[in-house]
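Visitor: I should like to go through this model step by step, with the reasoning given for each value. May we begin with the terms needed for burial?

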Amino acid sequence: MLNVQNLTVAYGQSEVVHGLGFAVQPKQTVALMGRNGMGKTTLIKGLIGLLPGGGGSVAIDGTEVANLPPHRRVKHGLAYVPQGRQIFSTLSVEENIRTGLEAHGTRKVPKEIYEIFPVLKEMRKRKGGNLSGGQQQQLAIARALVTRPKVLLLDEPTEGIQPSIIKDMARMLNDVKERLGLSIVVSEQVLSFALDVADRIFMMESGRLVREDARADVDEASLARHLSV
Ligand SMILES: Nc1ncnc2c1ncn2[C@@H]1O[C@H](COP(=O)(O)OP(=O)(O)OP(=O)(O)O)[C@@H](O)[C@H]1O
């Protein structure tokens, strides 16, 4: 579904992601882990096209998108939930969700969005800024899903979310993947969350993927050590 090869991402002259590659199958979740500053956000921004690729291939369902701007990548089935959620606090929940539809020529929120996120239906007239952190994260994900993506990219979705809510978020994300048949790439620092959602866990170090573990044979202690060194 998503196939990345030899991808390089840079800020101007400063190359941060150094020619890495991986593939994600339908209904598969990959967690990108790594300590602060190892390049997770840069990689995700390179995938969605917010940072120019310095070379390499990003293909969705066989279609090359590496040379396209973000909105065209979205049309080909990529969706992106940024770090910090970036919802509009003065717009209502429904208006926030509709901002995801802008390039799509329709204002109608697909029915399944409110089925997946009943709390957003209840609160659809409320201002985004009045929602809890966990509800805002649901809103950011709902906004990304209205374009019916094939691949959902999430950058540190647990950041600023209460530990008690993180389990619920993992359940919600697994439900979204199953219902919509998505592939998910999620950058994450919280190991328990990654273990709850991921089929495969990638470790990033200085802009490279240095380790891959299948969920089924993860050695938790070893991963935790890797993250804390
Ligand atoms: N705007 C920028 N210009 C130049 N270098 C940057 C810029 N933003 C980030 N970097 C550098 O890119 C590297 C990777 O940063 P990135 O934010 O991708 O890491 P990360 O793994 O997502 O970390 P975090 O968990 O803190 O978000 C760091 O060395 C950082 O200093």
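Guide: A residue counts as buried if 20 or more other C-beta atoms lie within 10 Å of its own, as exposed if 12 or fewer do, and as partly exposed in between. The model discussed here is predicted.

Visitor: How many of the 13 residues of helix 6 are buried?
Guide: The buried residues of helix 6 include Gly 134, Leu 139, Ile 141, Arg 143 and Leu 145. The helix is mostly covered, and its buried residues number 12 of 13.

Visitor: Against which elements do the buried residues of helix 6 pack?
Guide: Among the buried residues of this helix are Gln 135, Gln 136, Gln 137 and Gln 138. The partners of the buried residues are strand 6 (78–81), helix 3 (93–99), helix 4 (111–116), helix 5 (118–122), strand 7 (151–155) and helix 7 (163–180).

Visitor: What distance separates the end C-alpha atoms of helix 6, and what span should its residues give?
Guide: Helix 6 covers residues 133–145, and at 1.5 Å a residue its 13 residues should span 18 Å. The expected span uses one less than the number of residues. The two values agree, since the end C-alpha atoms are also placed at a separation of 18 Å.

Visitor: Is Arg 148 buried, exposed or partly exposed?
Guide: Arg 148 belongs to the loop between helix 6 and strand 7. Because 13 other C-beta atoms lie within 10 Å of it, Arg 148 is partly exposed.

Visitor: How far apart in space are Arg 148 and Leu 78?
Guide: In sequence, Arg 148 and Leu 78 are 70 residues apart. From C-alpha to C-alpha, their separation in space is 8.9 Å.

Visitor: What is the strand order of the open sheet of four strands?
Guide: Strand 1 (residues 2–11) is joined to strand 2 (residues 14–24) by seven bridges, and to strand 4 (residues 57–60) by four bridges. Strand 4 in turn pairs with strand 5 over two bridges. The pairing is antiparallel, and the order is 2-1-4-5. The edge strands, each pairing on one side only, are strand 2 and strand 5 (63–64).

Visitor: Which residue of strand 5 stands opposite Ile 60?
Guide: Within strand 4, Ile 60 stands opposite Leu 2, while Ala 59 is the bridge partner of Asn 3. On the strand 5 side, Ala 59 stands opposite Glu 64. The residue facing Ile 60 in strand 5 is Thr 63.

Visitor: Which residue in the turn between strand 1 and strand 2 has a positive phi?
Guide: Val 9 stands opposite Val 17 of strand 2. The two strands form a hairpin with two residues between them, and the residue with a phi of about 55 degrees is Gly 12.

Visitor: Which residue takes a positive phi in the hairpin of strand 4 and strand 5?
Guide: This hairpin has two residues between the strands. The phi in question is near 55 degrees, and the residue is Asp 61.

Visitor: What is the phi of Asn 6, and is this residue buried or exposed?
Guide: Most residues other than glycine have a negative phi. Asn 6, which lies in strand 1, has a positive phi near 50 degrees. Because Asn 6 has 11 C-beta neighbours inside 10 Å, its class is exposed.

Visitor: What is the phi of Ser 206?
Guide: Ser 206 lies in the loop between strand 9 (200–205) and strand 10 (208–214). Ser 206 counts as partly exposed because it has 13 C-beta neighbours inside 10 Å. Although Ser 206 is not a glycine, its phi is positive, at about 45 degrees.

Visitor: Which element gives the most residues to the shell around the ligand?
Guide: The residues around the ligand include Tyr 11, Ser 14, Val 16, Lys 40, Thr 41 and Thr 42. By class, the shell has three nonpolar, seven polar and one charged residues. The element that gives the most, with three residues, is helix 1.

Visitor: What is the radius of gyration of the protein?
Guide: The secondary structure comes to nine helices and 10 strands. The globule rule gives 17 Å for 229 residues, so the protein is as compact as a globular protein of that length, with a radius of gyration of 17 Å.

Definitions and conventions. Residues are numbered from 1 along each chain as its sequence is written. This is a predicted model: local features need pLDDT of at least 70, side-chain atom pairs count only at pLDDT 80 or more; totals for chains, interfaces and linings use all residues. Two strands pair if DSSP finds at least two bridges between them. Two residues are in contact if their C-beta atoms, placed from the backbone, lie within 7 Å. A residue is near a molecule or strand if its C-beta atom, placed from the backbone, lies within 6 Å of it. Ala, Val, Leu, Ile, Met, Phe, Trp, Tyr, Cys and Pro count as nonpolar, Asp, Glu, Lys and Arg as charged, and the others, Gly among them, as polar. The radius of gyration is taken over C-alpha atoms; the globule rule is 2.2 Å times the number of residues to the power 0.38.
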